[in-house]
Amino acid sequence: MSVQAALEPLGRLGRTPVSGHVTIFEEVLTGLEAVLASVDEPAEPAEPAEPAEPTEPTEPTVPAAAGRPASGVEAAR
């Protein structure tokens with residue numbers, strides 16, 4: 001059960017007489033207790049992730065501005 005499912009009975013409050021609200025709150029409480037109890041249960045082991053494929057390292061490239069040398073050094077005039 002999820003928290004969302006445990007809270008669903010609250011949607012009935014508007015159309016239920018006030019005298020019936022306690023029953024709804026008890027239902028929600030029971031559901032939330034079940035959710036909390038399931039947190040303590042051991043999770044199933046996750047599948048081991050496949051190793052990523054190695055990639056070749058690449059050199060960073062910086063495009064040269066139009067009309068300027070790639071090194072950023074301006075030519076002597």
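Does F25 count as buried or partly exposed? At 44% relative accessibility, F25 counts as partly exposed, where buried means under 20% relative accessible area, exposed over 50%, and partly exposed in between (1.4 Å probe, protein chains only).

## Basis of the model

This is a predicted model, in which local features need pLDDT of at least 70 and side-chain atom pairs count only at pLDDT 80 or more, while totals for chains, interfaces and linings use all residues. Residues are numbered from 1 along each chain as its sequence is written, and side-chain values use heavy atoms, with hydrogens and water left out.

## Overall composition

The secondary structure of the protein chain comes to two helices and zero strands; helices (H or I, at least four residues) and strands (E, at least two) are DSSP runs, numbered from the N terminus. Of the 77 residues in the protein chain, buried residues make up 12%. The accessible surface of the chain comes to about 7,200 Å², and 59% of this belongs to carbon and sulfur atoms, with areas taken from the Shrake-Rupley method with a 1.4 Å probe and, for residues, only the protein chains shown counting as cover.

Helix α2 covers residues 21–39, and its 19 residues should span 27 Å at 1.5 Å a residue, which agrees with the 27 Å between its end C-alpha atoms; the expected span is 1.5 Å times one less than the number of residues. Within α2, the residues H21, I24, V28, G31 and V35 are buried. Seen down the axis of α2, these buried residues fall within an arc of 95 degrees, so they line one face of the helix, the arc being that of the directions from the helix axis to the C-beta atoms. As background, an α-helix has 3.6 residues a turn, so residues three or four places apart point the same way.

The buried residues of α2 pack against α1 (3–7), contact meaning heavy atoms within 4.5 Å. The face of α2 turned away from its buried side carries the exposed residues V22, T23, T30 and L36. H21 counts as buried at 18% relative accessibility, and H21 touches L13 and T16 when residues up to four places away in sequence are not counted.

A search of the whole structure finds one salt bridge, defined as a side-chain nitrogen of Lys or Arg within 4 Å of a carboxyl oxygen of Asp or Glu. R12 forms a salt bridge with E27, and their closest N and O atoms are 2.8 Å apart. The pair links distant parts of the chain, 15 residues apart, with R12 in the loop between α1 and α2 and E27 in helix α2. R12 is partly exposed, with a relative accessible area of 32%, and E27 is partly exposed, with a relative accessible area of 37%.

A34 is found in helix α2 and is partly exposed, with a relative accessible area of 40%; the C-alpha atoms of A34 and V3, 31 residues apart along the chain, are separated by 9.3 Å. S38 also lies in helix α2, and the C-alpha atoms of S38 and S2, 36 residues apart along the chain, are separated by 9.6 Å.
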